[in-house]
Amino acid sequence: MPHTVPTPSSRIPSGVLGIGMTIIVEIIYFAALISSYLVLRANAVEWPPWGQPRLPVVTTAFNTVVLLLSGFFLFRARQQFINQPEVFPARLVSLSMLCGAFFVLFQGYEWVRLIDFGLTVQSGQYGSIFYLLIGSHAVHVAAGLCGLGYLYYRGFKNQITSEALLVGTMFWYFVVGLWPVLYVLVYLI
């Protein structure tokens, strides 16, 4: 019986496999950070500690909606590209990027306000774990924006593939999907 080689369509594309493995590593990283946060919180007499400012729950809820909207725009962009691969959905990708950029900038604005109110990395475990956990997410959003910017550039040059768009959306869905978990744990509970 002859040896059969899998057809290219039955293999996982290398970019998809690579980003999948990266996301698994990132899940482990954030699980460790979340575990640290939960341990610190469980061992604290009061959380947040007395004298520390309360987190901006309502404005961050609005910012959460903006980030979720960015994921929706990217979802629509990918669907449109699958249905019409000859037309790059530049408008939808740019809307996704704008929402993501707004999220990061608004988060930075809130951080400046929190620092003014006394919540700093040096103010104790509460400030340290807050900025480490939420800051790590912000760095991942910024990295995702760089990736989307690259896809946007390649799309304008008509050099985008369905696989490349899938890789970009997978990472973006990860950062978008992670945020509600962090928001609930850090801001609401």
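Tutor: Start with helix H2 (residues 57-83) and helix H3 (residues 90-116): their axes come within 8 Å and cross at roughly 160 degrees. Helices here are DSSP runs of H or I, at least four residues, numbered from the N terminus. This is a predicted model, where local features need pLDDT of at least 70, side-chain atom pairs count only at pLDDT 80 or more, and totals for chains, interfaces and linings use all residues. Residues are numbered from 1 along each chain as its sequence is written, and side-chain values use heavy atoms, without hydrogens or water.

Student: Why are H2 and H3 called roughly antiparallel?

Tutor: Axes are lines fitted to C-alpha atoms, for helices over the stretch in contact, and angles run from 0 to 180 degrees between N-to-C directions. Angles over 145 degrees count as roughly antiparallel. The H2 and H3 axes cross at roughly 160 degrees, so the pair is roughly antiparallel.

Student: Which residues of H2 and H3 make the contact?

Tutor: Contact means heavy atoms within 4.5 Å. Among them are Phe62, Val66 and Phe73 of H2, and Leu92, Phe103 and Phe106 of H3. By class, the contact of H2 with H3 has 14 nonpolar, 7 polar and 2 charged residues. Ala, Val, Leu, Ile, Met, Phe, Trp, Tyr, Cys and Pro count as nonpolar, Asp, Glu, Lys and Arg as charged, and the others, Gly among them, as polar.

Student: How do you know that the span of H3 agrees with its 27 residues?

Tutor: The expected span is 1.5 Å times one less than the number of residues. For the 27 residues of H3 that gives 39 Å, and the end C-alpha atoms are 39 Å apart, so the two agree.

Student: Which residues of H3 are buried, and what do they pack against?

Tutor: Buried means under 20% relative accessible area, with a 1.4 Å probe and protein chains only. Val93, Cys99, Phe103 and Glu110 are among the buried residues of H3. The buried residues of H3 pack against H2, helix H4 (125-156) and helix H5 (162-188).

Student: What makes H4 roughly antiparallel to H5?

Tutor: The axes of H4 and H5 come within 10 Å and cross at roughly 160 degrees. That makes H4 roughly antiparallel to H5. The residues of their contact divide into 19 nonpolar, 4 polar and no charged.

Student: Which residues of H1 are buried, and what covers them?

Tutor: Ile19, Glu26, Phe30 and Tyr37 are among the buried residues of H1. Their cover includes H4 and H5.

Note on methods:
Helix = DSSP H or I, 4+ residues; strand = E, 2+ residues; numbered from the N terminus. Parallel < 35°, antiparallel > 145°, perpendicular 65-115°, else oblique. Buried < 20%, exposed > 50% of the residue type's maximum accessible area, 1.4 Å probe, protein only.
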